[in-house]
Amino acid sequence: MDNQLPVDQLTLEAAKQEITPLKAQLTQWGKEYYEQDNPTVEDYVYDRAYERLVQIEARFPELKTSDSPTQRVGGETTSKLSKVNHEIPMLSMGDVFSLEELLAFNDRQDIDDPEYVLELKIDGLSLSLVYENGKLVQASTRGNGTIGEDVTANVKTIKSVPQELPEPLSMEFRGECYMPKKAFVKLNEEREAAGQPIFANPRNAAAGSLRQLDPSVTGKRELDTFMYYIPEYQKMGITTQAEALEKMKLLGFSVNPNYRIVHGKEDIEQYIEEYTGRRDDLAYGIDGIVEKVNDLDTQSELGNTVKVPRWEIAYKFPPEEMPTVVRDIEWTVGRTGTVTPTAVMDPVQLAGTMVSRASLHNPDYLNEKGIRLGDTVYLHKAGDIIPEVSKVDLKKRPADSQPYEIPTTCPECGADLVHLDDEVALRCVNPMCPAQIKEGLAHFVSRNAMNIDGLGPKIINQLWDKQLIHDIAGLYSLTRDQLLTLDKFGDKSATNLLTSIDNSRNNSVERLLFGLGIRHVGAKAARLIMEKFTSLDNLINASANEVSAIDGIGPTIGESVEAYFSNHQVQELIDELRAAGVNFEYLGTAPADVSDSQWNGKRVVLTGKFDFMTRGEAKEYLENHGAKVTGSVSKKTDIVIAGADAGSKLTKAQELGITVWDPSRLADAMKEEQ
């Protein structure tokens, strides 16, 4: 947008050419933000584009249409949650981005001796609570402003929402549902550990949590609320917004205490300056300040536009970005061979902490940003928490700069890196890669695999660094004397660990199969496979087709298993495990029961690119839970899960009215199944 002509210099023809793609882009961004809880751009990027659309429509009113993003509130309600009609529309708010714009807004109101209430703009989602005779009967989201989603059961799990009021009131109260910063960090850590995509920011985490189909999931997410608006204030005998806040506090609602009554420019400027400085210290995220006319009757007189009230405005904080220089890009290798780039930069103070590293996720992301060594980049914190590179300052790029070359060999072992189908990630496929082996060791000893207690990552690193183990089979030849050379390891620790290792020899073989870390083979798939083949030797001699024929497995897993056991290094490893006395037989674990799974009996189609797992891994998961994953969309299809760049299958699903999910919703459903 930096190279665009100012709106007042546009001709009508130029405006026509710009406005259509601009509206389409804003519509897409809005869909990602409001409906999918998965924004792809920062708020300020959306805000700048939206403000330009407002200016174009103001200069050329004939280009304004009813489907313009400027005429819509929020997003459409596309989930399976029941719908709620808002008798009094839940409107959005207008935005300003400077003190001058805020004061100009106030001047346009033309109020004699105006009095305002300033409140913190909580980074959450709008919430409506309806009470009858003092009892909570309905909670809903804003949705598109007229129709929202019924989230009553979920809201009843939020501790700050009173189930019953001290007075038998029959009326509605509105506010914001949000996720505290600590809860957001905790949730993302849990999701990352489970291999699920993390939430971009607390607002989207709150939205995804509040819109769960299972209230028990919402209850674990530690959501909170601040209430701030009474639509039918006349029933309460109050005359100001400040009185409304105090009344809601007396009724038992959670009300943000940091509001302030102000009168003039100095008061407003002081409040904005104060909370711009304090925002990082708050337990919850804020993205601005809300100014409201304090007198409620004056609010009513000022009224609303089709989308926003004329009596309130949101001052949005400018994006907190800091320039820094990229000195290096480090590549780290995960257990499955995924090689991830991380930018190493000059340290900068950002949102209260010193930052010198930021994940670049994958080669496509790195190339999309166009980052090179020596580049000056701008850093921000997604959701005020996660460091992220927003853009490169091309004007400061060194004259001798060269495009960054994506590595072709593994940084740990030197093996060739490959791109596998349906993935944006680079992978090292060398099973003897040291980084993968150490990560694989941690997986092998984990609870759902061989369940070797007392063998965490720190001990594994010591064993590796001292060259006491070189692969998982080496665990079974460890001696007491070797263990006693480890830091903080005594007789008792050594005895306990050796006992745990020895006990693992007797596990049923499906634990071993899962522990080997074969791509696409999860714990349930391992059990299904070993139920069929009964011994590891039988499986080793089986073809991909024989494995694929197992109900709930499929060709992706079959091919992965065959490829794994055909590797001569893997064959040597299996011989070592056999010599160590590790059990290769199936000991009769009960067959998997998928009768209670929400996927059991469902016909599912996968299309597009998935960000948190491959389509093959998604297929394996769904089939393990009783779904039938097919390759084409028909009237018999129950759900289409559409990732990025979905094509004709998505179009056909929409034409047939079939339920469409995005991958993040599948990730949430997987969490519910655990």
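Biologist: What makes β19 and β21 a pair of strands?
Modeller: Two strands pair if DSSP finds at least two bridges between them. Strand β19 (residues 603-607) and strand β21 (residues 639-642) are joined by 4 bridges and run parallel, so by that rule they pair. One spot to look at is Thr607, which stands opposite Ala642 in β21. The strand names come from DSSP too: strands are E runs of at least two residues, helices are H or I runs of at least four, and both are numbered from the N terminus.

Biologist: Before we go on, what kind of model is this?
Modeller: It's a predicted model, where local features need pLDDT of at least 70, side-chain atom pairs count only at pLDDT 80 or more, and totals for chains, interfaces and linings use all residues. Residues are numbered from 1 along each chain as its sequence is written, and side-chain values use heavy atoms, with hydrogens and water left out.

Biologist: Why are α3 and α9 called oblique?
Modeller: Helix α3 (residues 99-109) and helix α9 (residues 265-278) pack at about 140°, with axes 11 Å apart. Under 35 degrees counts as roughly parallel, over 145 as roughly antiparallel, 65 to 115 as roughly perpendicular, and the rest as oblique. The angle of about 140° falls in "the rest", so α3 and α9 are oblique to each other.

Biologist: Which residues make that contact?
Modeller: Leu99, Leu102, Leu103 and Asn106 of α3 meet Lys265, Ile268, Glu269 and Ile272 of α9; contact means heavy atoms within 4.5 Å. They divide into 5 nonpolar, 1 polar and 2 charged. Here Ala, Val, Leu, Ile, Met, Phe, Trp, Tyr, Cys and Pro count as nonpolar, Asp, Glu, Lys and Arg as charged, and the others, Gly among them, as polar.

Biologist: And why does α12 with α13 get the oblique label?
Modeller: Helix α12 (residues 434-444) and helix α13 (residues 457-465) pack at about 135°, their axes 10 Å apart, so they are oblique to each other. Their contact residues divide into 6 nonpolar, 1 polar and 1 charged.

Biologist: How do you know that β7 is mostly covered?
Modeller: Buried means under 20% relative accessible area, exposed over 50%, and partly exposed in between (1.4 Å probe, protein chains only). In β7, 8 of its 8 residues are buried. Strand β4 (residues 125-132) pairs with β7 in the antiparallel sense over 7 bridges, and 5 bridges join β7 to β8, also running antiparallel.

Biologist: Which residues of α8 are buried?
Modeller: In helix α8 (residues 241-250), they are Gln241, Ala242, Ala244, Leu245, Lys247 and Met248. What covers them includes β7 (171-178) and α10 (296-302).

Notes. Axes fitted to C-alpha atoms, helices over the stretch in contact; angles between N-to-C directions.
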